[in-house]
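Please keep the sequence and the model in view while reading.

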Amino acid sequence: EAASEALADGILTVGTNAEFPPFEYVGDDGEPDGFDIALIKAIGEKLGVEVQVENMEFDSLVASIGSKVDVSIAGMTVTEERQQSVDFSDSYYEAVQYVILPEGSEIATAADLEGKAIGVQLGTTGDFIASDDIADAQVSQYNKGMDAVNDLINGKVDCVIIDKNPALVFASKFEGQLTAVDGAEFGFEPEEYAIAIPKGDAALVAQINAALAEIKTDGTFDELVETYIEN
Ligand code: GLN
């Protein structure tokens, strides 16, 4: 099978939003770091290309794939709506939305979320749940999940809906004040993270899936999970 044209220049440009620990965040050196960044660099190594990461707003990633960047890795959930505009690699991580609550909050069930002030990150699956599925929710959309969490601390929203691992990281910054609850208790469905690839670039999907499969069998994947997620 022919190699993807996207790799012909020897460079894989990758869009991310480095505001989503532990998957991506800005490291001490000012550069994007995290599980996803290490994973895509490992994939680049397998493919023999240099990886260049571009940090941008989450909400602009899908539209940038195939134009500003070759692919995106950003804890991005595979959704039918996104599949209208991009293709996805095999999934590499299972996630679920969590609900961050102030300690002592009375929110405990899906019905309790109705009519509440909910903070989300703009254009994320947490945003779609709050905006589309929760009756009468007053949704505040932020470019950064951490800004939503700060407004939860300030009492401007009643809860924040965001992916499990970032929820755990953000809540742990306010131990004793915030608690992160598994969204399964609110009926939220599991989600799958995958790398978003320009629609129709079957060669690139195949190349990335092959590299991902190697990374899973040679132990690299588990090492990255241990280093970035389960530490
Ligand atoms: N998994 C969520 C989504 O795809 C959030 C991703 C993110 O904020 N980086 O919408």
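Which domains does the domain assignment of the protein chain give? The assignment gives domain 1 (5–93 + 191–229) and domain 2 (97–186); such bounds come from an automatic or database domain assignment. This is a predicted model, in which local features need pLDDT of at least 70 and side-chain atom pairs count only at pLDDT 80 or more, while totals for chains, interfaces and linings use all residues. Residues are numbered from 1 along each chain as its sequence is written.

**Domains and ligand**

- The centres of domain 1 and domain 2, taken over C-alpha atoms, are separated by 26 Å.
- In domain 1, 13 residues are in contact with 13 residues of domain 2, where contact means that the C-beta atoms, placed from the backbone, lie within 7 Å.
- The side of domain 1 that touches domain 2 has six nonpolar, three polar and four charged residues. In these classes, Ala, Val, Leu, Ile, Met, Phe, Trp, Tyr, Cys and Pro count as nonpolar, Asp, Glu, Lys and Arg as charged, and the others, Gly among them, as polar.
- The residues surrounding the ligand include Asn 17, Phe 58, Met 76, Gln 121 and Asp 163; a residue is near the ligand if its C-beta atom, placed from the backbone, lies within 6 Å of it.
- By class, this shell has four nonpolar, six polar and one charged residues.
- The ligand lies between domain 1 and domain 2, because both give residues to the shell around it.

**Helix 1 and helix 7**

- The axes of helix 1 (residues 35–47) and helix 7 (residues 202–217) come within 9 Å and cross at roughly 105°. Helices (H or I, at least four residues) and strands (E, at least two) are DSSP runs, numbered from the N terminus.
- Axes are lines fitted to C-alpha atoms, for helices over the stretch in contact, and angles run from 0 to 180 degrees between N-to-C directions.
- Helix 1 and helix 7 are therefore roughly perpendicular to each other, a term that covers angles of 65 to 115 degrees.
- Ala 42, Ile 43, Lys 46 and Leu 47 in helix 1 meet residues of helix 7, among them Ile 208, Ala 211 and Glu 214.

- Five strands form an open sheet in the order 11-10-12-9-13, with mixed pairing; two strands pair if DSSP finds at least two bridges between them.
- Strand 11 (138–142) and strand 13 (178–182) are the edge strands, each pairing on one side only.
- From one strand to the next, the twist averages 30°.
- Strand 10 (residues 117–121) pairs with strand 12 (residues 159–163) in the parallel sense over two bridges, and Ile 118 stands opposite Cys 159 in strand 12.
- Helix 4 (residues 125–133) packs on the sheet, and its direction makes about 150° with that of strand 10.
- Helix 5 (residues 145–153) also packs on the sheet, with a direction that makes about 160° with that of strand 10.

**Strand 1 and its partners**

- Strand 1 (residues 11–16) runs parallel to strand 5 (residues 50–55), and six bridges join them.
- Strand 1 also pairs with strand 6 (residues 71–72) in the parallel sense over two bridges.
- Val 14 stands opposite Val 53 in strand 5, and its bridge partner in strand 6 is Val 71.

**Backbone details**

- Most residues other than glycine have a negative phi, and most peptide bonds are trans.
- A cis peptide bond, with omega of about 5°, joins Pro 21 and Pro 22; Pro 22 is in the loop between strand 2 (19–20) and strand 3 (24–26).
- Asp 136 has a positive phi, near 60°, and is placed in the loop between helix 4 and strand 11.

Methods. Angles under 35 degrees count as roughly parallel, over 145 as roughly antiparallel, 65 to 115 as roughly perpendicular and the rest as oblique. Two residues are in contact if their C-beta atoms, placed from the backbone, lie within 7 Å.
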